[in-house]
Amino acid sequence: MKIALIGYGKMGREIEKVALSRGHEIVSIIDINNQDDFESEAFKSADVAIEFTNPMVAYSNYMRAFKAGVKLVSGSTGWMAEHGDEVKELCSKGGKTLFWSSNFSLGVAIFSAVNKYLAKIMNQFPAYDVTMSETHHVHKLDAPSGTAITLAEGILENMERKNVWVKEEAHSANELPIHSIREGEVFGIHTIRYDSEADSISITHDAKNRGGFALGAVLAAEYTATHEGYLGMSDLFPFLKD
């Protein structure tokens, strides 16, 4: 498979390594210094482009890739609130293809399924209140993380007494607070905690390196090459739909 990379930082380099190890070809690498390459024949020849950049440029990258007729896999977060509906419509009605996830790690996919199942159980026990914390490296621009928001949405879908997530502190019983920490070079730690007067229950996912994210992104690209529309991790891993 021919893959283009959009964004060539630490994550882009890790994806390149994994893609090559799985027998794929990197036909184009686009970073901040060669934006004109979106119009190159090399980029247009890609079966899929994998995009990991930042909230300020992700949407623009999507539009340029769509214009070139290249399918996209993206892990960029922070753009969904402003452009999510438009991008989804381009995929559902405009013939474009984007596989988007806030986190491509297989471990996080499993953690997400466990999170939803636990929330469904805890919905029956109102004595327990739920909070979340997420820790990432100091270079991460958005807070809370896209993964934390996705996990929070999984709780809200399955817990009747919570209907909105909020940053840092909850001011009413229906709110799910997400505490964000930025320190060092932490790859990503997400903890969900249920507290009662009697005890507490916690589940945590702690990423040890970028390898799991990179492998997931390449697996998503392999899936996207033969599928169309607005895609996500529940398409790649059907157990997330349960």
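Good morning. Glu134 stands opposite Ser180 in strand β8. The model is a predicted one, in which local features need pLDDT of at least 70 and side-chain atom pairs count only at pLDDT 80 or more, while totals for chains, interfaces and linings use all residues. Residues are numbered from 1 along each chain as its sequence is written, and side-chain values use heavy atoms, with hydrogens and water left out.

Let me continue with the strands (DSSP runs of E, at least two residues, numbered from the N terminus, as are helices, runs of H or I of at least four). β6 and β8 (residues 175–182) pair in the parallel sense over five bridges; pairing requires that DSSP finds at least two bridges between two strands. To strand β9 (residues 189–195), β6 (residues 129–136) is joined by seven bridges, and these two run antiparallel. Within β9, Thr191 is the bridge partner of Ser133.

I turn now to the helices. Helix α1 (residues 10–21) packs against helix α7 (residues 211–224) at an angle of about 60°, their axes being 9 Å apart. Axes are lines fitted to C-alpha atoms, for helices over the stretch in contact, and angles run from 0 to 180 degrees between N-to-C directions. α1 is therefore oblique to α7, since angles under 35 degrees count as roughly parallel, over 145 as roughly antiparallel, 65 to 115 as roughly perpendicular and the rest as oblique.

Finally, the domains, whose bounds come from an automatic or database domain assignment. The chain is divided into domain 1 (1–102 + 209–238) and domain 2 (105–205). Their C-alpha centres lie 27 Å apart. Thank you.
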